[in-house]
Amino acid sequence: MNFRKFLVAQSILIAASSVVFPFYLLLIKNVGDSYSQFGWAYGLFTLTAALTYPIIGRLGDKFGDKNMLLIYTLGMAAVMLLIPLLYEVWQVYLIQIVMGILGALQKNTEKAFLARGNNTETAGKQIGKYHLHVSLWSGIVIILTGYLIDFLTIASLFYLVSFVYIIAAFVIIKRERDEVF
């Protein structure tokens, strides 16, 4: 996977995550009875990610960044389909654990790809370009979603984002001219 393809895929993925994040927080709070349950849900996400980073790092070295990013993308597409169906706190906890694993997968793959693909003389410039594009698209999409949500239900937003993750998977899968499988 070349840098341009990675940049496009990551821009789509991070924008999709950013769009649903505020609404997901509302959903988590509405399912639970207290802020402590909210704390547990988010804590489970972070702790799961932390505990799986070393394993994911080794798997990424073995199976490659493209495959790991594809697993993340398809996993998140499935999770987005399930989120509107959550109504018990234990379901939120379970989804948070899955999202912790997937989040670690995405973050580790992002960093590994950037580390593998940059020479030391231009690494800062390339990483700066990467973060500019990803953050710019994310911000634009979040603002547009603020207007779009007036016409959608929150559940339909998660379904739409699931579809966006599938689009990102196609970007990742698409063959490059010089790429041979």
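Helices in this account (H or I, at least four residues) are DSSP runs, numbered from the N terminus. The structure is a predicted model, in which local features need pLDDT of at least 70 and side-chain atom pairs count only at pLDDT 80 or more, while totals for chains, interfaces and linings use all residues. Residues are numbered from 1 along each chain as its sequence is written, and side-chain values use heavy atoms, with hydrogens and water left out.

We can begin with helix H2, which has 29 residues. From its first C-alpha to its last, H2 reaches 39 Å, close to the 42 Å expected at 1.5 Å a residue (the expected span being 1.5 Å times one less than the number of residues). At Tyr53, shortly before the proline Pro54, H2 has a kink of about 45°; the bend at a residue is the angle between axes fitted to the seven residues ending there and the seven starting there. Gly64 follows H2 and has a positive phi, near 95°. The buried residues of H2 are Gln37, Ala41, Leu44, Thr48, Ala49, Thr52, Ile56, Gly57 and Gly60. Here buried means under 20% relative accessible area, exposed means over 50%, and partly exposed lies in between, with a 1.4 Å probe and protein chains only.

In soluble globular proteins, nonpolar side chains tend to be buried together. The largest nonpolar core has 46 residues, a core being a set of buried Ala, Val, Leu, Ile, Met, Phe, Trp, Tyr and Cys residues joined through side-chain atoms within 4.5 Å. Tyr24, Tyr72, Met80, Ile83, Tyr130, Val161 and Tyr165 have the most contacts inside this core. At least two of its residues come from each of helix H1 (3-31), helix H2 (35-63), H3, helix H4 (89-117), helix H5 (123-148) and helix H6 (154-173). H1 supplies the largest share, 14 residues. Tyr130, leaving aside its neighbours within four places in sequence, is in contact with Phe3, Phe6, Leu7, Gln10, Ile14, Glu110 and Leu114, where contact means heavy atoms within 4.5 Å.

Aromatic rings come next. A pair of aromatic rings is described by the distance of the centres and the angle of the planes. Rings of Phe, Tyr and Trp (its six-membered ring) pair if their centres lie within 6.5 Å; planes under 30 degrees apart count as stacked, over 60 as edge-to-face and the rest as tilted. The structure holds five aromatic pairs. In one of them, the ring centres of Tyr42 and Phe45 are 5.8 Å apart and the planes stand at 35°, so this pair is tilted. Both residues lie in helix H2, three residues apart, about one turn of the helix. Tyr42 is partly exposed at 29% relative accessibility, and Phe45 is partly exposed at 23%. Tyr72 and Tyr165 form an edge-to-face pair, with 6.1 Å from centre to centre and 80° between the planes. Because Tyr72 lies in helix H3 and Tyr165 in helix H6, the pair ties together parts that are 93 residues apart in sequence. Both of these tyrosines are buried. Ring pairs also link Phe6, Phe113 and Tyr130 into a cluster.

Charged side chains complete the picture. There are four salt bridges in the structure, each a side-chain nitrogen of Lys or Arg within 4 Å of a carboxyl oxygen of Asp or Glu. Asp65 forms one with Arg116, the closest N and O atoms being 2.9 Å apart. Since Asp65 lies in helix H3 and Arg116 in helix H4, this bridge ties together parts that are 51 residues apart in sequence. Asp65 is buried, with a relative accessible area of 10%, whereas Arg116 is partly exposed at 47%. Within helix H4, Glu110 and Lys107 lie three residues apart, about one turn of the helix, and form a salt bridge with the closest N and O atoms 3.8 Å apart. Glu110 is buried at 2% relative accessible area, while Lys107 is partly exposed at 36%. Glu110 also meets Lys111 in a salt bridge of 2.7 Å, N to O, and Lys111 is partly exposed at 46%. Salt bridges that share partners join Asp61, Asp65 and Arg116 into one network.
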